[in-house]
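Here's a quick walk through a few local features of this model. Have the structure open and follow along.

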Amino acid sequence: MAKKNEVYIIGHRNPDTDSICSAIAYADIKNRSDENNDYYAMRAGQINEETEFVLRHFGVEIPGYLPDAGTQVEEIEIHKVPGVSGDISVKKAWASMKEQNIVTLPITTKKRDLEGLITVTDIAKSYMDVYDSTVLAQANTRYSSIAETLDGSILVGDGKGFFNKGQVVIGAFHPDMMGNYIHKNDLVIVGNRAEDQLCCLDLGASCIVVGLGAPVSKSILKLAEDSGCVIISSPHDTYTIARLINQAIPIKHLMMRDNLILFHMSDKIDDIQEIMKNSRHRDYPILDAKEKYVGTISRRNLIGRSGKKLILVDHNEKSQAVLNVDEADILEIIDHHRLGSLETMAPIMFRMEPVGCTSTIMYKIYHEKNLEIPPKIAGLLMSAIISDTLLFRSPTCTPLDKNVALDLARIAGVTDIEKYASDMFRAGSNLEDKTAEEIFYQDFKKFNIEKKTFGVGQISSMSREELEFIKSKLYPHMEQECGKHDMEMVFFMLTNIIEESTELLYYGSEAKELIEEAFPGHSINDKSCVLPGVISRKKQLIPSFMRAIQEQ
């Protein structure tokens, strides 16, 4: 069975209740109507107290966190090249690389800890560097590995032992001359002459390699056993043995172990591309979150890669979307705001309706697909509509929003919607333990209009005292926020649900002038302006700001 695509359904960067609840509902809709993909509700930021209250009330888990839509290593094809032990021979490593058609072999422990890398170039260099006759001893080469490399067998001696002293010598001398060239602990390659073999034993050789599969007498085998000398029989001739024997070196002696360039599954592709440009390696090892080896990638893995698959809900502004949304493959957008600045590479399903809440659209989609709305989901959608319409008081609220919310309350088993709304708003405006920054970004959106960039946050409450407390805590912080993220001006709406009015805090060199032009006739002090009847950011504040900016 083919692996299903993972599609993330996500709201805006500073998620409100509608953003979260719409994502959860649409994931339910898609998973019940599309068997070809797996859909996951996600969030692009931290949820606020109101949303937390709603999820807890209806027993629904908080969606997973996706702060960045940039393509990660884990989303591209990774070569599942198995790691090998550093004890295997160069010959076995070479055979493995040929079989897998790879040029880089990772060396790992049994627990998948990365110890180093060996490449075809490393092996070629070792094969060409034949001038050092002590390299086998320097590499601490196991006798069994030497026998295996020479396609031979150990006739006598401990195969698990190591050749770690002396040099490799070809015993092609007259026995009378051998003492000038062979020293204690050397490894000597000889033929079938018994006197040569005996001479090597007398001179203290630690290992004798007998070529052409020549027989070795029992007496010599006994002498070798008594002296601790290993005798290896190989079917190859002396020339071939001399050529092959360096391939018995364990690869840990040749591997690169310092300053390795490696990446993690969570690394962004854009970041690693820059590193790859400045290095000449063909393959790069990949580690998981536990620093365990997973596989390798190369530059060609980055060609034609596909990004995260996203469905956006409750927004269509690039400035409000999850970071690096341009790298993602946007499949759908469902929203109830003005047309924003997002662009896609191909046509997509874009559903935008002039209603007070995205959750109202979700209700319609359930009915269009003949899907029953689960009571928990109904509770979430009802809560989102109450939140976005300020319990039907907002000018954004349509008769459809109210009718849908009342029907959802019935499905969810909420008998007193007024009391539930009061509890929900109270939870959302309980900000005593929040920092000024946390309050500022609880429900905050950034806008780009006619080359003007500004941000607008909003807190709604049924308590005037609570709003005054928030004001005292928030205004001193606004100066710090102005200038961040290229914002020239910042505004914050302190909305009184009962009185249906907003005190608009402002900061920025042109902020006061913008309010004066957008809302002429209102009294503006040094910090704020009271706007009776204005409670909607989307339908009242932002359109007024847009007209004022466009008329400048």
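Which residue takes a positive phi in the hairpin of E4 and E5? It's Arg112, with a phi near 70°, in a hairpin that has five residues between the strands. Keep in mind that this is a predicted model. The two strands, E4 (residues 104-108) and E5 (residues 114-119), pair in the antiparallel sense over five bridges. Within that pairing, Pro106 stands opposite Leu117 of E5.

Now over to helix H13, which covers residues 399-412. Buried residues in H13 are Asp401, Val404, Ala405, Asp407, Leu408, Ala409 and Ala412. Among the elements covering them are helices H11 (358-368), H12 (375-389) and H14 (417-428). Just after H13 comes Gly413, with a positive phi of about 80°.

| Residue | Where | Phi |
|---|---|---|
| Arg112 | hairpin of E4 and E5 | near 70° |
| Gly413 | just after H13 | about 80° |

Last stop: helices H17 (residues 511-518) and H18 (residues 537-550). They pack at an angle of about 100°, with their axes 8 Å apart. Angles of 65 to 115 degrees count as roughly perpendicular, so that is how H17 and H18 sit relative to each other. H17 brings Leu514, Ile515, Glu517 and Ala518 to the contact, while H18 brings Ser544, Phe545, Ala548 and Ile549. By type, the residues of this contact split into six nonpolar, one polar and one charged.

Key
Residues numbered from 1 in each chain as written. Predicted model: local features only at pLDDT ≥ 70, side-chain atom pairs only at ≥ 80, totals over all residues. Heavy atoms only, no water. Helix = DSSP H or I, 4+ residues; strand = E, 2+ residues; numbered from the N terminus. Expected span 1.5 Å × (residues − 1). Buried < 20%, exposed > 50% of the residue type's maximum accessible area, 1.4 Å probe, protein only. Contact = heavy atoms within 4.5 Å. Pairing = 2+ DSSP bridges. Axes fitted to C-alpha atoms, helices over the stretch in contact; angles between N-to-C directions. Parallel < 35°, antiparallel > 145°, perpendicular 65-115°, else oblique. Nonpolar A, V, L, I, M, F, W, Y, C, P; charged D, E, K, R; others polar.
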